[in-house]
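User: I would like to learn how to read the features of a protein model one at a time. Could you give the general idea for each feature and then the case at hand?

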Amino acid sequence: MTHSWKKLPKTLIGLGLLLLFLILILSHGPSHKNKNLKLGVSAMKDNQTLLPFISKGGKWGYINTHGEWVIYPNFSKAFNFKEERAAVKIKDNYFLIDPEGDFITNKGFDLCGDFQDNRCAVEIGNKWGFIEPNGQYVIKPKFREAKDYNDGLAAIDISWAEFGGLYGYLDFK
């Protein structure tokens, strides 16, 4: 006769690893300056929190807090939702999706930041610009560098010289 208590140590180790993994996921957020994948809590869909999660096959999608797939894993990388938009990577391009998993832009970006104040910094061909939640450009890419909006302002590199370094702020108010 086998006793279930013999399986207890393996179960505790598995639960401990799962808890550690969830803590790591919830403690980080994405950054357009850091090309490394960072994860965090996401948006709501039908009163469900969406979390980026990797499948056994190595593709990323989004799950709810019950561990059920809400947006099936079709992406190379998936980042948290901010203001109902999330960046996902397919091959070498980043796209923005809504909580339904629909793309808000047809064209991919080299990099993109987070939505803040209804603006998102995007890079195409080493130039940065800003888009709205509907995917339309507010400012077409022309800056050497751009930071995410914070309290209505975004830092940008406004120098056009090879080495840059002259910064200013955009204010859409």
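This is a predicted model: local features need pLDDT of at least 70, side-chain atom pairs count only at pLDDT 80 or more; totals for chains, interfaces and linings use all residues.

User: Let us start with the core. Which residues have the most contacts inside the largest nonpolar core?

Analyst: The general idea is that in soluble globular proteins, nonpolar side chains tend to be buried together. Here the largest nonpolar core has 22 residues. Those with the most contacts inside this core are Leu96, Cys112, Cys120, Phe130, Ile131 and Leu170. At least two core residues come from each of β8 (93-97), β9 (111-112), β10 (120-124), β11 (127-131), β12 (137-143) and β14 (153-157). There is also a second, separate core of twelve residues, and Trp60, Phe75, Phe81 and Ile97 are among them.

User: What does Leu96 touch, leaving out residues up to four places away in sequence?

Analyst: With those neighbours left out, the contacts of Leu96 include Cys112, Cys120 and Ile131. Phe103, Ile104, Phe109 and Phe115 are also among the residues touched by Leu96.

User: Is Glu123 buried or exposed?

Analyst: Glu123 counts as buried because its relative accessibility is 11%, and the cut-off for buried is under 20%. This residue lies in strand β10. Beyond four places in sequence, Glu123 touches Phe109, Asp110, Leu111 and Trp128.

User: Now the charged groups. How many salt bridges are there?

Analyst: The general idea is that side chains of opposite charge can pair when their charged atoms come close. The count here is three salt bridges. In one of them, the side chains of Asp114 and Lys82 meet with an N to O distance of 3.8 Å. This pair links distant parts of the chain, 32 residues apart: Asp114 is in the loop between β9 and β10, and Lys82 is in strand β6 (residues 77-82). Asp114 is buried at 9% relative accessible area, whereas Lys82 is partly exposed at 28%.

User: With which residue does Asp157 form a salt bridge?

Analyst: The partner of Asp157 is Arg144, and their closest N and O atoms are 3.6 Å apart. Asp157 lies in strand β14 and Arg144 in the loop between β12 and β13 (145-146), so the bridge ties together parts that are 13 residues apart in sequence. Asp157 is buried, with a relative accessible area of 3%, and Arg144 is partly exposed, with 29%.

User: How far apart are the closest N and O atoms of Glu145 and Lys147?

Analyst: In the salt bridge between Glu145 and Lys147, these atoms are 3.1 Å apart. Glu145 is buried at 15% relative accessible area, while Lys147 is partly exposed at 32%.

User: Which residues form the covered face of strand β15?

Analyst: In a regular strand the side chains alternate between the two faces of the sheet. In β15 (residues 167-171), Gly168 and Leu170 form the covered face, and Tyr167, Tyr169 and Asp171 form the uncovered one. Strands β14 and β15 run antiparallel and are joined by five bridges. Within β15, Tyr167 stands opposite Asp157.

User: One more item, the sheet that contains β4. In what order do its strands come?

Analyst: This open sheet has three strands in the order β3-β4-β5, with antiparallel pairing. Four bridges join β3 to strand β4 (residues 60-63). The bridge partner of Ile54 in β4 is Trp60, a residue that is also part of the second core.

Methods. Residues are numbered from 1 along each chain as its sequence is written. Side-chain values use heavy atoms; hydrogens and water are left out. A nonpolar core is a set of buried Ala, Val, Leu, Ile, Met, Phe, Trp, Tyr and Cys residues joined through side-chain atoms within 4.5 Å. Buried means under 20% relative accessible area, exposed over 50%, partly exposed in between (1.4 Å probe, protein chains only). Contact means heavy atoms within 4.5 Å. Two strands pair if DSSP finds at least two bridges between them. A salt bridge is a side-chain nitrogen of Lys or Arg within 4 Å of a carboxyl oxygen of Asp or Glu.
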